[in-house]
Amino acid sequence: MITSSVLGRFRPSPIAGIFSTVESLRREGRDLLDFSIGEPDFDTPSHIREAGQAAIERGQTRYTPVDGSIGLKVAIRRKFLVENGLDYPIDHIVAGMGAKPLIASAVQAVLSPGDEAIVSTPCWPSHVGMIELAGGQAIKVGTSINSGFKMTASQLDDAINPRTRLVILCSPSNPTGAVYSETELRELAKVLLRHPQVAVLSDDLYEHILFDGTPFHTIAAIEPKLFNRTMTVNGLSKAYAMTGWRIGFAGGPLAWVNGVRQIYSQCSGGLCSISQAAAIAALEGPKDFLADRAARYQSRRDLALQRLESANGLRLVKPQGAFYLMPECSGLIGTRRPNGETITSSGDFARYLLEDWSVVVVPGEGFECGPYFRISIATSEANLTLGMSLIAEASRVLAETTGQAKQRTLQASSMG
């Protein structure tokens with residue numbers, strides 16, 4: 001079978017091996033504590049579900065424009081204006097079947113083969129894959145727990161060169177929960193203003209999941225001079241618990257938005273008409289539940305951090321948004337499992353948690369970083385209490401087993 005050479009650009013995902021083992025263990029009947037899924041555990045609010053049901057009863061089940069109905073675009077325009085201070089004309093707005101394919105199309109619309117696009121790591125792996133699928137090269141700017149997982153203006157300036165065409169920002173971040181402040185975005189904007197050939201894609205999907213009173217900022221609103229170079233992407237999946245409804249949307253420069261429409265016209269149909277009705281209800285309806293759910297995520301974050309704070313070999317930073325923790329496990333590299341295997345990476349540690357403790361996390365290698373691993377806190381307090389306690393105990397066992405092994409080695413050496 002002949003396949004495209006583009007597929008050869010993609011490396012096998014380190015996450016895939018973990019998920020394969022997860023499925024195998026579940027088939028064997030293992031009961032697992034799963035902290036790998038980036039999906040809210042809340043239900044879609046009732047008024048949104050009812051709007052979808054009403055659309056079905058009205059017979060609203062026919063084709064719509066490929067980039068969303070006028071009614072949906074009006075609701076999106078109002079959202080951007082009221083919540084973000086971004087005034088997009090209707091024809092500068094596009095909706096899609098989820099934020100993910102919308103971002104992929106936006107990347108394809110702006111990159112030519114050989115162009116470079118900058119992402120900071122740890123990152124959502126699809127950002128890199130989208131760049132590669134478009135024939136571009138992903139330039140990965142590394143951050144760490146010491147910098148709060150945020151790219152500095154100096155790092156951005158060093159990464160930009162004449163081949164750079166795009167910078168992707170994600171705040172609050174998947175996988176780290178890092179949130180750029182107004183000051184930090186202004187510093188990044190100063191760099192970008194010196195490079196007019198560089199477009200900006202702002203992935204704002206976790207906008208409404210913020211902690212400790214942290215305000216949300218998006219770069220096109222912070223620096224109006226970047227407004228005509230920025231595609232601002234958002235959606236309903238995370239804050240509104242609408243992952244299965246598949247609604248993403250964006251506002252941006254007309255030429256860029258038209259490029260997305262052109263791609264849509266050849267590779268996708270219109271959005272689900274029923275989902276669009278629900279999306280309008282979400283954007284125009286009550287939003288008091290958003291603050292309540294963010295508060296519950298914050299409570300879960302605090303619970304998880306408390307349970308992990310004394311874990312051997314782990315370091316954590318308190319995330320200001322999203323629903324993830326990204327612990328560093330460098331203190332466990334070189335330790336030994338009870339079966340004698342050595343932990344050489346976050347992937348090894350994740351496999352150890354899965355096989356020996358029935359706890360599922362995602363290794364940092366899947367997010368272009370190491371040695372870190374991602375924990376999703378979008379689950380019950382009971383699951384978090386048990387799961388984080390098991391991770392802490394698993395870390396203690398590694399340290400204890402390694403200490404015993406070293407002691408046996410010393411004893412054998414002294415006897416020799």
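Me: At what angle do H4 and helix H9 (residues 254-267) pack, and how far apart are their axes?

Reply: In general, axes are lines fitted to C-alpha atoms, for helices over the stretch in contact, and angles run from 0 to 180 degrees between N-to-C directions; helices (H or I, at least four residues) and strands (E, at least two) are DSSP runs, numbered from the N terminus. In this case H4 and H9 pack at an angle of about 110°, with their axes 8 Å apart. That makes H4 roughly perpendicular to H9, given that angles of 65 to 115 degrees count as roughly perpendicular, those under 35 as roughly parallel, those over 145 as roughly antiparallel, and the rest as oblique. This is a predicted model, in which local features need pLDDT of at least 70 and side-chain atom pairs count only at pLDDT 80 or more, while totals for chains, interfaces and linings use all residues. Residues are numbered from 1 along each chain as its sequence is written, and side-chain values use heavy atoms, with hydrogens and water left out.

Me: Which residues make the contact between H4 and H9?

Reply: Contact means heavy atoms within 4.5 Å. From H4 the contact takes in Pro-101, Leu-102, Ser-105, Ala-106, Gln-108, Ala-109 and Val-110, and from H9 it takes in Trp-256, Gly-259, Val-260, Ile-263 and Tyr-264. These residues divide into nine nonpolar, three polar and no charged, where Ala, Val, Leu, Ile, Met, Phe, Trp, Tyr, Cys and Pro count as nonpolar, Asp, Glu, Lys and Arg as charged, and the others, Gly among them, as polar.

Me: How do the axes of H4 and helix H5 cross?

Reply: The axes of H4 (residues 99-110) and H5 (residues 125-133) come within 9 Å and cross at roughly 40°. That makes H4 oblique to H5. On the H4 side Lys-100, Ile-103, Ala-104, Val-107 and Gln-108 meet Ser-126, His-127, Met-130, Ile-131 and Leu-133 of H5, and the residues of this contact comprise six nonpolar, three polar and one charged.

Me: Turning to strands, what joins S7 to strand S6 and to strand S8?

Reply: Two strands pair if DSSP finds at least two bridges between them. Strand S6 (residues 199-203) is joined to S7 by four bridges and the two run parallel, with Leu-201 having Met-231 as its bridge partner in S7. Four bridges also join S7 to strand S8 (residues 248-251), but here the strands run antiparallel, and Gly-235 has Gly-248 of S8 as its bridge partner.

Me: Is strand S7 mostly covered or uncovered?

Reply: Buried means under 20% relative accessible area, exposed over 50%, and partly exposed in between (1.4 Å probe, protein chains only). Strand S7 (residues 230-235) is mostly covered, since six of its six residues are buried. Thr-230, Thr-232 and Asn-234 point one way from S7, whereas Met-231, Val-233 and Gly-235 point the other way, and all are buried.

Me: Which strands stand at the edges of the open sheet of three strands?

Reply: The open sheet has the order S9-S12-S11, with antiparallel pairing. Strand S9 (324-325) and strand S11 (362-363) stand at the edges, each with a single partner strand, so one side of each has no neighbour in the sheet. S11 is joined by two bridges to strand S12 (residues 373-376), and Pro-363 has Phe-373 of S12 as its bridge partner.
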